[in-house]
Amino acid sequence: MFDLTDRVAVITGGAGSLGLGIAETLHRLGAYVILLGRSAEKGKQVLSKLDPGGQRSDYYACDVADEDSLASVYAKIIAARSKVDILVTCAAAPAASGKLESTSMEQWRSVLATDLDGVFLSCKTFGQSMIARRYGRIVNMTSFHAVATYPFRTVYNAAKAGVEGFSRALAVEWGHHGITVNTVAPGPIVTPRTKWFLSQDPSNEAGMLSRTPAVRIGEITDVSATVAFLVSAEARHVNAEQIVVDGGWTANAWWGRHTDL
Amino acid sequence: MENSIFSLENKVAVVTGAAGDLGFAISKAYCEAGAIVVLAGRDSARLDRASERLGGSSSQVATRVVNVADANQVSAMIDGVVNSLGRIDILVTAAGIQHRAPAATFAHDAWNEILQVNLNGTFYCAQAAARHMIPKKTGRIVMITSLTAEIGIPHIAAYAASRGGIRQLCKTMAVEWAAHGVTVNCIGPGRFRTRMTEDVFADETKRTKFLDVIPMRRAGVPDDVAGAAVFLASASSSYVTGQSIYVDGGWLAGGGNVLG
């Protein structure tokens, strides 16, 4: 069960902490993993960590908001590996937060370009191989912010809710090709972004823990295991779903302290 | 599976409705993933047959006769499992019954019986299991709900109400027990071909209509829930709680639109 041997998996945002964590899990389950990221230099570093022998991994520098860049990488991947079975889109713009009144059109466009255009173009590009071979697994990363959120996240939420809606529509459209499209919505997870937030104020961690039913901040492996389930053969009838990995955060709107339960 | 991040090696799992199609598929997958599986249900002969199909009297499979609608029987069964096997790590509530009739004339006895088995039975089982899981600070509860928790389908008012109730029961228990390491999630099958739905599939016109609204263009089969059930029972899903995973081929997202 859950074996990914001989599967070719493309992970966008592959040099980021979440993308790399997902790549490590899929690699461990047997997949050939292909990471896409903006920086070729960073790619060499992550590959040496992920797959020191270089047996089942590649890295390509790519801008997911640029269709030509994706087309060029797609051609190289097909030439080298002949197919793409799995796509996980983790590429994300830097953290965006701020009052709507002071959000510029440039900021809006910039976030949507990576977070939403990037998902559209990645699915369109790598879906070609999946349609031709009548098999595919796509997981797009959203966020628990698409379900329950704070003030000052309008742009980010628009992008992630957009990805969720896009994914459901694509799932309905491509199901008959044998392709499933699902989303994973991480909640509070120990990423560099969360670490930065916690470092801003000593009370942030206590606040986050008391608000989270599981009373812990999730690990990247919590997210990567969920992705691994969704890209497995065993998830063949799970389609158009969003799995929130948040320790119960979005199931809960209770005002009390979970640390007291 | 021993080294897999989804391994259930040496975990003790109780599956209610284990002689039914979904319960059996989940039990089989749990055995393959390494768990010790207790098949629970009302009919001892059917449980014995299910047990035989899983390798019979091996130390990995046991059976318990229980009527989940009876809270005393449920707590005695769960306590008995803990006494004989030492613990309960995983509970799957797959026992369920169905009755089809127009809502305007739906017999109250049938309504009460469905709610008693499907909803109250799930509550009794989860409560009895959690009492053992909470002190251990770990546990996995997987409830079977249904797509009918989300959408209206004519003539199954009681069943749909019971499944919707299970979904909310799941969220409440998830929020309450997360701090104790106990996760509670649902699996919601869509249109599945099982003994419970065989009458629907026997009619070719109906069958075609049903499949035309499912993006994957096929009915679910019991083994389709096995992956989700193993994932939600494994250590790897410890941060997933209060969730419902619908195994419906995308039907819900299509909203019943004929896809052609």
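**Exercise 1. The interface between chain A and chain B**

How many residue pairs are in polar contact between chain A and chain B? Describe the interface of this predicted model.

Solution. 

Step 1. Between chain A and chain B, 16 residue pairs are in polar contact, both residues being at pLDDT 80 or more.

Step 2. Turn to the elements of chain A. At least two residues each come from α1 (17–28), α5 (154–174), β6 (179–186), α8 and β7 (242–245) on the side of chain A that touches chain B. The most is given by α8(A), with 5 residues.

Step 3. Sort that side by class. The side of chain A that touches chain B has 22 nonpolar, 16 polar and 8 charged residues.

Step 4. Take contacts and area. In contact are 46 residues of chain A and 44 residues of chain B. About 3,500 Å² is buried between the two chains, and carbon and sulfur atoms give 65% of this area. In chain A, the residues that lose the most area to chain B are A:Met1, A:Val172 and A:His237, which together make up 22% of what that side buries.

**Exercise 2. Salt bridges within the chains**

Examine the salt bridges of B:Arg167 with B:Glu150 and of B:Asp89 with B:Arg87, then name the members of a salt-bridge network in chain A.

Solution. 

Step 1. The closest N and O atoms of B:Arg167 and B:Glu150 are 2.8 Å apart. B:Arg167 belongs to helix α5 (residues 157–177) of chain B and B:Glu150 to the loop between β5 (139–144) and α5, so the pair ties together parts that are 17 residues apart in sequence.

Step 2. B:Arg167 is buried, at 18% relative accessibility, whereas B:Glu150 is partly exposed, at 37%.

Step 3. For B:Asp89 and B:Arg87, the N to O distance is 3.0 Å. B:Asp89 is buried at 12% relative accessibility, and B:Arg87 is partly exposed at 28%.

Step 4. In chain A, a network of salt bridges links A:Arg7, A:Lys83 and A:Asp85.

**Exercise 3. Strands β1 and β2 of chain B**

In which sense do β1(B) and β2 of chain B pair, and how many residues of each strand are buried?

Solution. 

Step 1. Strand β1(B) (residues 12–16) and strand β2(B) (residues 36–41) pair in the parallel sense over 5 bridges.

Step 2. B:Val14 has B:Val38 as its bridge partner, and B:Val15 stands opposite B:Leu39.

Step 3. Count the covered positions. In β1(B), 5 of 5 residues are buried; in β2(B), 5 of 6 are.

Step 4. Assign the directions in β1(B). In a regular strand, side chains alternate between the two faces of the sheet. B:Val12, B:Val14 and B:Thr16 point one way, B:Ala13 and B:Val15 the other, and all are buried.

**Exercise 4. The surroundings of B:Ala19**

Where does B:Ala19 lie, and which residues does it touch beyond four places away in sequence?

Solution. 

Step 1. B:Ala19 is in the loop between β1 and α1 (21–32) of chain B. With a relative accessible area of 16%, B:Ala19 is buried.

Step 2. Its contacts beyond four places in sequence are B:Arg46, B:Leu47, B:Ala50 and B:Arg195.

Step 3. The C-alpha atoms of B:Ala19 and B:Ala45 are separated by 9.4 Å, the two residues being 26 residues apart along the chain.

**Exercise 5. Positive phi**

What is the phi of A:Val215 and of B:Arg217, and in which loops do they lie?

Solution. 

Step 1. Recall the background: most residues other than glycine have a negative phi.

Step 2. A:Val215 is not a glycine, yet its phi is positive, about 55°. A:Val215 lies between α7 (203–211) and α8 (220–230) of chain A, in the loop, and is partly exposed at 25% relative accessibility.

Step 3. B:Arg217, also not a glycine, has a positive phi of about 60°. The loop that holds B:Arg217 is between α7 (204–211) and α8 (226–233) of chain B. The relative accessible area of B:Arg217 is 27%, so this residue is partly exposed.

Conventions: Residues are numbered from 1 along each chain as its sequence is written. Chains are lettered from A and ligands numbered from 1 in the order in which they are written. This is a predicted model: local features need pLDDT of at least 70, side-chain atom pairs count only at pLDDT 80 or more; totals for chains, interfaces and linings use all residues. Side-chain values use heavy atoms; hydrogens and water are left out. Helices (H or I, at least four residues) and strands (E, at least two) are DSSP runs, numbered from the N terminus. Buried means under 20% relative accessible area, exposed over 50%, partly exposed in between (1.4 Å probe, protein chains only). Contact means heavy atoms within 4.5 Å. Buried area is the accessible area (1.4 Å probe) that two parts lose on being put together, summed over both. A polar contact is a pair of N or O atoms within 3.5 Å; within protein, one must be able to donate a hydrogen and the other to accept it, and residues adjacent in sequence count only if both atoms are side-chain atoms. Ala, Val, Leu, Ile, Met, Phe, Trp, Tyr, Cys and Pro count as nonpolar, Asp, Glu, Lys and Arg as charged, and the others, Gly among them, as polar. Two strands pair if DSSP finds at least two bridges between them. A salt bridge is a side-chain nitrogen of Lys or Arg within 4 Å of a carboxyl oxygen of Asp or Glu.
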